[in-house]
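Here are my notes on the model, as numbered points. Please read them with the structure open.

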Amino acid sequence: MSDVLDVIRERVLCRFPILFLSTWEEERWESELASLALDIDRGLVTWTATGGALPPLEELVTGAGRSTSDTNGRPVSQAEAFLAQIREYPRDHVFLLKDFHPWLKDPLVVRRLRDLVPTLVAQNKTLLIMGPTGNVPLELVRDAMAIELPLPGLSELHDELQDLMIQRQHQGESAITLNQKQEERLLKTLLGLTTKQARLALSRALLGRREIEEAVFDLLISEKKHMVQGSELLEFQGLAEGAADIGGLDALKDWVRKRAEAFSERAREQGIPSPKGVLLLGVQGCGKSLTARAIARMMSFPLVRLDVAMLLSGETGKSEKNLRDVLSLMEMIAPAVLWLDEVEKGFAGVGEDGGDTTMMRLLGRFLTWMQEKPAPVFVVATANSVTGLPPEMLRRGRFDELFFVDLPNFHERKQILAIHIRKRGLDATKFDIGELAENCEGYSGAEIEQAVLTAVVEAFNSGGAVTQKQLLESLEDTVPLSVTMEEKIFQLREWARTRCRAATPDSRLLQMLEDEQRRKAEEAGDDDETEDAPGGVLNLFDDEDLEPDDEDNAITWQTLLRDGQVRAGLLELIADRGSISLADLQSEVGSFMEVEGSFGLALRNDPRIVLWLGLSADVAAPLARLVTDRKIYLHPTTGADYPHGLPGASLPCLPALPDSRCERPSWLPVSLSIDPPEFVDERLTRIARMQLNR
């Protein structure tokens, strides 16, 4: 608020004749403008169509009177009459005209304003035309300036919250104790509302409550719904689903949680920029739309869906105006999440020869807004295909991250089955979820949900309870999209493998490891997971996320490891040995630090090629970074260098790196050296960690 008041103060002192002030908070800003006029030693006159001028001209100038007709005897409107009297007011005055915009449609009123401009400048007077719209008539563009008065910020909303708490105490209601995090979340949820709206929304949300619950934030978010009801282009979405309703996608969930913290006041004070958004690319029915709703709920922001195709209009310039209105409305209700569903269809044809020029302009304007928007609007774009996505949208800087949402793996299918079984009022523990998950490999989350629903309907028609057999039969009768569109899904996976961050790990590698785990458990006669068997969730970590350790000039690798300089110690050890296998490295380092754990290493461009398993994170991460930085090199070797084989899994051993992608998960024995091979295979210069959480 102070910044805008400074702008108005400067303009008035510099004798700007007319300022158009756009706001819905008339009472709040009238008080601020009155204080401003007093500070700069200006008289203030307010005018409304119902009450006229206050104070009237008669009180300021002796003998002055009102005129209801011009010199030709023509009756004049109230607005014209007041404008005609402004010359008679004393110098150094500010005139606040409320809801004057309807009179601006009268060409005579506009003409009087233009005639009045020289007088205003000469007499050091300024007209402040305040209303819900700040549109300046074309005739006044060179003489006037439009200023949008902002909605209340955190400090103003904090005052409203404190006043409401005091009022609750006076009314005998229960006191509510807020911690700092709850208060900040509460105030951020109110951003985008006027002070009156915020006070009423808080009163409603806190009515009869003794503590802050999640329902309070849901009620506050719903108060913003009516702000987009007048727009045919935006659709307010409910937030019934949360992160717990999504099976798997742990990497994506963790990323969203961290980005949500970046909207906090603490992050703003430290200069952390607000996140721009995320693009979710993936197979149909794998939870992208559900994730968009969960993101909004995790951030406590309202979710607004935009259908890009609705922006188009046959009227010249109307499409661009629609987009401007949409973006302006989003900034007004911010913080918020803007959801662009199936964005590849909305911007289809952009970038092609002979493409729609209007859509190209819309895309350019939207991308510019994403790059420069000051308001905290988080954009979630979902897409099922890459063929229709314009390349400009994929450039880094538009979105904070591009995630690929693949078909759920075994572990995720178990979660999805349990979620939908519970949603139907059934006890998930009474079913063999593992058997069901095995029988729906290649199914999307939507297909699994539909299969569960079909079984529930069949049980209802037969008059009995849902059985394991009915669920299995329902899954068997379902033909998944991965079968009917196998080629397209394969192409999508191949495109996203090196271009997008995985929201879930490579399902084929995970499935193999889980099958191996279950096979070993069955051989041991135990259905529970064994301690040394890989299982659970597999997470691949891109080596760019790894933070390198500080290096030192220590002489021995043992000293470096004792000092906690793992990366430098590993490099010194490999240099000292000349060449060393991963098994020997793990054995050597084991005397100085924890080396065994749930991490492994795999080739990043083909995760089915496993290098090693059973490493601790403290060893796996520095090794991945050393390889990526080309401080050390991988040399394919024979299995003879690994007398005990690959720990934790029985995989076929590759004698050398294959020319094409592996058909099945395999183990590639390698040795580590600081000397590069004669011919460097780029596939061996990018490796990723994988985590097996038991």
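1. Is Arg661 buried, partly exposed or exposed? Arg661 is partly exposed, with a relative accessible area of 28%. The classes are these: buried is under 20% relative accessible area, exposed is over 50%, and partly exposed lies in between (1.4 Å probe, protein chains only).

2. On the source. This is a predicted model, in which local features need pLDDT of at least 70, side-chain atom pairs count only at pLDDT 80 or more, and totals for chains, interfaces and linings use all residues. Residues are numbered from 1 along each chain as its sequence is written, and side-chain values use heavy atoms, with hydrogens and water left out.

3. Arg661 and Asp606. Arg661 forms a salt bridge with Asp606, with the closest N and O atoms 3.8 Å apart. The pair links distant parts of the chain, 55 residues apart. Arg661 sits in the loop between β18 (633-636) and β19 (666-667). Asp606 sits in the loop between β16 (596-603) and β17 (609-615). Asp606 counts as buried, at 4% relative accessibility. The salt-bridge criterion is a side-chain nitrogen of Lys or Arg within 4 Å of a carboxyl oxygen of Asp or Glu. Helices (H or I, at least four residues) and strands (E, at least two) are DSSP runs, numbered from the N terminus.

4. Other salt bridges. The structure holds 23 of them. In general, side chains of opposite charge can pair when their charged atoms come close. Salt bridges with shared partners join Glu26, Glu30 and Lys98 into one network.

5. Arg28 and Glu25. Their side chains meet in a salt bridge at 2.5 Å, N to O. Arg28 counts as buried at 14% relative accessibility. Glu25 is also buried, at 5%.

6. Asp115 and Arg111. This salt bridge has its closest N and O atoms 2.9 Å apart. Why are the two residues separated by about one helical turn? Because they are 4 residues apart in helix α5 (residues 107-122). Asp115 is partly exposed, with a relative accessible area of 38%. Arg111 is partly exposed too, at 42%.

7. The start of α18. Asn409 lies in the loop between β12 (401-405) and α18 (410-423). Asn409 is buried, with a relative accessible area of 2%. Asn409 caps the N-terminal end of α18. A side-chain oxygen of Asn409 lies 3.2 Å from the backbone nitrogen of His411. For a polar contact, a pair of N or O atoms must be within 3.5 Å; within protein, one must be able to donate a hydrogen and the other to accept it, and residues adjacent in sequence count only if both atoms are side-chain atoms.

8. Buried residues in α18 include Phe410, Arg413, Ile416, Leu417 and Ile421. Gly425 follows α18, and its phi is positive, near 80°.

9. A sheet to check. 3 strands form an open sheet in the order β15-β20-β18, with antiparallel pairing. The edge strands are β15 (580-581) and β18, each pairing on one side only. 2 bridges join β15 to β20 (residues 670-673). Two strands pair if DSSP finds at least two bridges between them. Ser581 has Ser671 in β20 as its bridge partner.
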